[in-house]
Amino acid sequence: MHKFWELSGADRRLVCAAWVSLVRARIAVSSVSLPRLRRKPHLAARGGADAARIGWAVCAASRFVPRATCLVRALAAHRLLAANGHDSELRIGVAKGGAAGFAAHAWVECGGALLVGRTDAEYAVLVEWKAGG
């Protein structure tokens, strides 16, 4: 909490918005089907928050949301990016994990840059959702 209070007011608001978005995404992931997750209400662009800062805020706030999986983080970031007028792509992919077998992962890209999630393995993209401002 000490680090939270050292942030600027704008960053504190962004982390709080990210936390709310993460909680909503966490509830949605556990209660609705994947096709319903895609059907989200249209969000009016608020503007103001930089895309990279949104990615940082989602990653920071995810430490305080139980079971904030890669899908939860990606959904939350995707929604916040759209709300702030940014075009982004949420991708869900699968990879063969060698000894681990099958692995799935979700991540978000914005302007060609990876914002949320990691892609340290080759994933075959199964689902791609685009959103924008």
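**Exercise 1. Find what covers the buried residues of helix α4.**

*Solution.* Start with the elements: helices are DSSP runs of H or I with at least four residues, strands are runs of E with at least two, and both are numbered from the N terminus. The model is predicted, so local features need a pLDDT of at least 70 and side-chain atom pairs count only at 80 or more, while totals for chains, interfaces and linings use all residues. Residues are numbered from 1 along each chain as its sequence is written, and side-chain values use heavy atoms, with hydrogens and water left out.

Next, pick out the buried residues (under 20% relative accessible area; exposed is over 50%, partly exposed in between; 1.4 Å probe, protein chains only). In α4 these are A51, I54, G55, A57, V58, A60 and A61. Now look for contacts, meaning heavy atoms within 4.5 Å. The cover includes α2, α5 (70-83), β2 (102-110) and β3 (113-116).

**Exercise 2. Describe how α2 and α4 cross.**

*Solution.* Two packed helices are described by the angle between their axes and the distance between the axes. The axes are lines fitted to C-alpha atoms, for helices over the stretch in contact, with angles from 0 to 180 degrees between N-to-C directions. For α2 and α4, the axes come within 8 Å and cross at roughly 60°.

Then list who meets whom: D11, L14, V15, A18, W19 and L22 of α2 touch R53, I54, W56, A57, V58 and A61 of α4. Sort them and you get ten nonpolar, no polar and two charged. Here Ala, Val, Leu, Ile, Met, Phe, Trp, Tyr, Cys and Pro count as nonpolar, Asp, Glu, Lys and Arg as charged, and the others, Gly among them, as polar.

**Exercise 3. Work out the surroundings of S21.**

*Solution.* First place S21: it sits in α2 (residues 9-31). With a relative accessible area of 8%, S21 is buried. Skip its neighbours within four places in sequence, and S21 is in contact with A76, R79 and L80. Finally, the side chain of S21 reaches the backbone oxygen of A76 at 3.1 Å.

**Exercise 4. Say where confidence is lowest and where it is highest.**

*Solution.* The protein chain averages 86, and 84% of the residues score at least 70. Confidence is lowest in α3 (residues 34-38), with a mean of 73, and highest in α4 (residues 51-61), at 96. Remember that where pLDDT is low, the predicted coordinates should not be read in detail.

Key:
Polar contact = N/O pair within 3.5 Å; in protein donor to acceptor, adjacent residues only side chain to side chain. pLDDT = per-residue confidence, 0-100.
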